[in-house]
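I opened the model and kept notes as I went. The entries follow in the order of looking.

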Amino acid sequence: MLSYYRDRWVDVLSRALKDSWNRISENYQQKSGIPTDDVYWGDFVATESQLKILGDVTGKRILEIGCGGAQNSITLSKWGARTFGVDLSRKQILYGRRLVRNENTEVGLLVCNMEKLPFKDESFDIVTTAVSLHYAPDLDAVVAEANRILVEGGYFTFSTAHPFSEGKLVKCRGKSAVALRNYFKRRIVRWIDKLPDGSRVKMHSYYRTLQDYFDALTKNGFVVERYMELQRLEENMLHPLDKDKIGKVREAKQQYRIMREVPYWIIFKACKKA
């Protein structure tokens, strides 16, 4: 009975988020300008070609969950991987399909929730995602699915929001500091996204502690091999699109300032054990 109500709760939250992403997709893609020349782990931090988290992907079967516009999947395809991407938003997948055609690459794209993946056991060598797990209502189910579809020795590699990303800049004894409200209180984080036509879209994500991610991985058969709290890059080292965002978007400028004090993004690389 508890499982039934939990599944209903997850479905309701997923539908609400799916509707929201469908509404903001086009505007989000135009504002974010995510590149297709490198794997992008998050705003204002080093990319895959610098961090070398995934390793040589040539010939690897890679699934990107929460793929959005499929920019990372396109990059991995260019690097020689056989890539597939899924996202709960139909509008995001439609955008991704247009981008795949424009980039002349081969990436399979499908609309589905990351908690219930339509793939056979041990179908992929790598499951990856960037900046999407904090939108998943059931983290445990996502990690269990990643384990199921990975081959033994395969990797689940992801970036997501650090708990400190919910902090606010304050002044403490005349210096900048980041204040966080109750680190241990798991909660739904809600905000309003305003579109150019003046309409307002309700959005939400899920605040989790670092232990939540470690527990979900180890409980579901993974061994964490690498963990990184990403530091922001100096402005002269940023991707040109990131530089542009700092100059034009007030929220981006605020985020970049916070990232001087604390990590905003984290990366996990976990191996499916025998």
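**Aromatic pairs**

I looked up F158 and F268 and found both buried; buried means under 20% relative accessible area, exposed over 50%, partly exposed in between, with a 1.4 Å probe and protein chains only. This is a predicted model: local features need pLDDT of at least 70, side-chain atom pairs count only at pLDDT 80 or more, and totals for chains, interfaces and linings use all residues. Residues are numbered from 1 along each chain as its sequence is written, and side-chain values use heavy atoms, with hydrogens and water left out.

How are the rings of F158 and F268 arranged? Their centres are 5.2 Å apart and their planes at 25°, so I logged the pair as stacked. The rule: rings of Phe, Tyr and Trp (its six-membered ring) pair if their centres lie within 6.5 Å; planes under 30 degrees apart count as stacked, over 60 as edge-to-face and the rest as tilted. F158 sits in strand β5 (residues 150–161) and F268 in strand β11, so the pair ties together parts 110 residues apart in sequence. Helices (H or I, at least four residues) and strands (E, at least two) are DSSP runs, numbered from the N terminus.

I then checked Y227 against F268. That aromatic pair is tilted, at 5.0 Å centre to centre and 55° between the planes. It links Y227 in strand β10 (residues 222–229) with F268 in strand β11, 41 residues apart. Y227 is partly exposed at 28% relative accessibility, whereas F268 is buried at 0%. Ring pairs join F156, F158, Y213, F214, F222, Y227 and F268 into a cluster.

**Nonpolar cores**

I used this rule: a nonpolar core is a set of buried Ala, Val, Leu, Ile, Met, Phe, Trp, Tyr and Cys residues joined through side-chain atoms within 4.5 Å. The largest has 29 residues, and W41, L51 and L230 touch the most other members. β4 (124–130), α8 (250–258) and β11 (265–272) each give two or more residues to this core. The largest share, 3 residues, is from α8. Another core of 27 residues lies apart from it, with V86, L133, A136 and F158 among its members.

**T209**

Where is T209 found? I located T209 in the loop between β9 (200–207) and α6 (210–219). T209 is buried, because its relative accessibility is 2%. Its side chain makes a polar contact with the side chain of R186 at 3.2 Å. A polar contact is a pair of N or O atoms within 3.5 Å; within protein, one must be able to donate a hydrogen and the other to accept it, and residues adjacent in sequence count only if both atoms are side-chain atoms. Leaving aside neighbours within four places in sequence, T209 is in contact (heavy atoms within 4.5 Å) with P163, Y183, F184 and R186.

Strands β6 (residues 168–172) and β7 (residues 175–179) pair in the antiparallel sense over 5 bridges; strands pair if DSSP finds at least two bridges between them. They form a hairpin with 2 residues between them, and R173 in the turn has a positive phi of about 55°. I also noted S176 in β7 as the bridge partner of K171.

Helix α3 (residues 71–78) has 7 of its 8 residues buried, so it is largely enclosed by the rest of the structure. G80 follows α3 with a positive phi near 105°.

**Cysteines**

I found 0 disulfides, a disulfide being a pair of cysteine sulfur atoms within 2.5 Å.
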